[in-house]
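Subject: Structure for you, with notes on what was found

Dear colleague,

I am passing on the structure below, and my notes on it follow directly after. Please read them with the coordinates open beside you.

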Amino acid sequence: MKHVIRGIVTTLLLMSPVSVWAQGEHEHDHAHGKGVQEITIKGELVDSLCYVTMAAKGKGHKQCAIDCAKAGIPISMLEDGTGKLYTVLPQKDKTGYPESVINRMGEPVTLKGDLYENGGNRYVTIESVE
Amino acid sequence: MTTTPVALRAANRSSLRNKMDFSLLGFQGLHQVFNVHPVFVHFPIALFPSALLLYGLGIILNWRAACVAGRACLYLAMAGTVAAVVTGLMAQDTFPHNERIHHMMQTHKTIGIALFLMSTLLVIWSILQKAQRPKAAYPFLIVLAATTYLVLQNADLGGRMVFIEGAAVKPAVSVITGEHGGHEETHTHHHETEEEPPDHQMH
Amino acid sequence: MFPGAQHLQNLHPLVIHFPIALLMGAALLYVTAWLLKSERFAHSAFVVLVLGALSLAVAVATGLYAEQGVMVSLSVREHLLRPHKSYMLATLGLCTMLTVWALSARPFPKKGRWLFLFLCLVMISVMTVGADFGGRMVYDYNAGGTACRQPIQFTK
């Protein structure tokens, strides 16, 4: 009997980290399940103002795009082929765009992050830019 | 989608109308520019470097045909310089400008007049030639090179006046004059602009 | 040395002067050669035409590169930039044809001389119209410049 109780307690103790991990995974899956998904986008980082109002993009516009991003104009990701625009967001609140992202403006990049959709608008948080 | 000949012709006409707005043709740009000086500046800017290149090849490589072409470019450059200087003098009072533009314009004008004198000298010098090669060929090349440098320097100054300061650029008038109105040709008083041209930081 | 050039967003405004002046110069020299029946003028015209053609190729290349990044409103792109591009590409086509013809029968084709001169004048006319569109973009909409805030919408 004592062996049985010892076995049950040991099993419960061993399972607890597993359950915590599983819970975490579940939350992650749950969050993604709520319309958030990981996404990889190939395209170009553009500054929203100049692209939307003037269709300005590309290497010829790079410096202006960098200046716009530093001035606070939102960065967007223009997807190759589809022409879809995703507003790029930092991963955390109270942070700006990293310099490594700003310096890649106007260049073809691959952006990985989390996709959010809200009221027909698309947003992607930056996980990595290559 | 219908494919009868009549429908296709109608579709093609409609497609052409969509691609071409014929009402935009005509030289409206010329009429709307404050002055015609920008039309003539192309000639000295392009033809002096071309003359330098051709004379350089002709003199260094003893290539007569290049000297002939260089001479043609030099004469065309001189004619272009005359036209540019004359139209520039006519234009200086025709567009709203502030103290900064005026200051740049004075330097631009001085160099322009110097270029006219130098090009006159070069044209006369080129007439004194033997087998299309100017007498004292290498000093000639040096003077031509100096003239070309001044042309390009003056062009840079003119470009700054237009692209950065907005001289003769219609939408920049309010920026230049500070939206006060009635402040054309502010030669002497200091002009406070409400909205300073933010140089190359703005979009 | 040239501070203005460093402020430019692209090279296109620097290089466009060359084809405009050189191709007009070539046309003028060819007409003069025809009127005066002068071989010397014909040789000069040929050299200037070749220089003009090379500079036009550079101008078109820089223009195509600049097209994506130039900051003008969508309406200015449609009404001025697009026709500017069309006319300049047409000029490039005509210029290439004339240059190849002149190269094959240098300096001044004897057969079809009238047609050659006529096409020179057509090329100049097409280039002038195209340049007019370009001039309007600069002087009416500050294309490539930083003196005004953008976008500035197109108005006739």
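How many residues of chain B are in contact with chain C, and how many residues of chain C do they meet? Before the answer, please keep in mind that this is a predicted model. In it, 44 residues of chain B are in contact with 40 residues of chain C. On the side of chain B that touches chain C, the elements giving two or more residues are α2 (28-32), α4 (42-60), α5 (64-91) and α7 (137-164) of chain B, and the largest share of that side, eight residues, comes from α7(B). By residue class, the side of chain B that touches chain C divides into 29 nonpolar, nine polar and six charged residues.

Chain B itself

Chain B has eight helices and two strands, and from the N terminus on its elements run α-α-α-α-α-α-β-β-α-α. Of the 203 residues in chain B, 38% are buried, and of the contacts in chain B with a separation of 6 or more, 73% are accounted for by residues 24 or more positions apart.

Two of the elements that give residues to the side touching chain C, α4(B) and α7(B), also pack against each other, at an angle of about 155° and with their axes 9 Å apart. Since an angle over 145 degrees counts as roughly antiparallel, α4(B) and α7(B) are therefore roughly antiparallel to each other, and their crossing is left-handed. On the α4(B) side the contact is made by B:Pro44, B:Ile45, B:Phe48, B:Pro49, B:Ala51, B:Leu52, B:Tyr55, B:Gly56 and B:Ile59, while α7(B) contributes B:Ala137, B:Leu141, B:Leu144, B:Ala145, B:Thr147, B:Thr148, B:Val151 and B:Ala155. The residues of this contact of α4(B) with α7(B) divide into 14 nonpolar, three polar and no charged.

The buried residues of α6(B) are B:Ile101, B:Met105, B:His108, B:Gly112, B:Leu115, B:Met118, B:Ser119, B:Leu122 and B:Ser126. As a reminder for reading that list, an α-helix has 3.6 residues a turn, so residues three or four places apart point the same way. What do the buried residues of α6(B) pack against? Their partners are α4, α5, β1 (129-130), β2 (133-134), α7 and α8 (173-177) of chain B.

Chain C

The secondary structure of chain C comes to six helices and zero strands, so that, read from the N terminus on, its elements run α-α-α-α-α-α. The C-alpha atoms of chain C fill a box of roughly 55 × 40 × 20 Å, taken along the principal axes. Buried residues make up 56% of the 156 residues in chain C, and among its contacts between residues at least 6 apart in sequence, 79% join residues at least 24 apart.

Within chain C, helix α3 (residues 17-36) and helix α6 (residues 113-141) pack at an angle of about 155°, with their axes 10 Å apart. The helices α3(C) and α6(C) are therefore roughly antiparallel to each other, and their crossing is left-handed. In this contact C:Ile20, C:Leu23, C:Met24, C:Ala27, C:Tyr30, C:Val31 and C:Trp34 in α3(C) meet C:Arg113, C:Leu117, C:Cys120, C:Leu121, C:Met123, C:Ile124, C:Met127 and C:Ala131 in α6(C). The residues of the contact of α3(C) with α6(C) divide into 14 nonpolar, no polar and one charged.

Chain A

There are four helices and five strands in chain A, whose elements run α-β-α-α-β-β-α-β-β from the N terminus on. Of the 130 residues of chain A, 24% count as buried, and among contacts in chain A between residues at least 6 apart in sequence, 65% join residues at least 24 apart.

A:His3 and A:Gly120 are 117 residues apart in sequence and, C-alpha to C-alpha, 60 Å apart in space.

With best regards

Terms used: Residues are numbered from 1 along each chain as its sequence is written. Chains are lettered from A and ligands numbered from 1 in the order in which they are written. This is a predicted model: local features need pLDDT of at least 70, side-chain atom pairs count only at pLDDT 80 or more; totals for chains, interfaces and linings use all residues. Two residues are in contact if their C-beta atoms, placed from the backbone, lie within 7 Å. Ala, Val, Leu, Ile, Met, Phe, Trp, Tyr, Cys and Pro count as nonpolar, Asp, Glu, Lys and Arg as charged, and the others, Gly among them, as polar. A residue is buried if 20 or more other C-beta atoms lie within 10 Å of its own, exposed if 12 or fewer, and partly exposed in between; C-beta atoms are placed from the backbone. Axes are lines fitted to C-alpha atoms, for helices over the stretch in contact, and angles run from 0 to 180 degrees between N-to-C directions. Angles under 35 degrees count as roughly parallel, over 145 as roughly antiparallel, 65 to 115 as roughly perpendicular and the rest as oblique. A crossing is left-handed if the near helix is turned anticlockwise from the far one by less than a right angle, and right-handed if clockwise.
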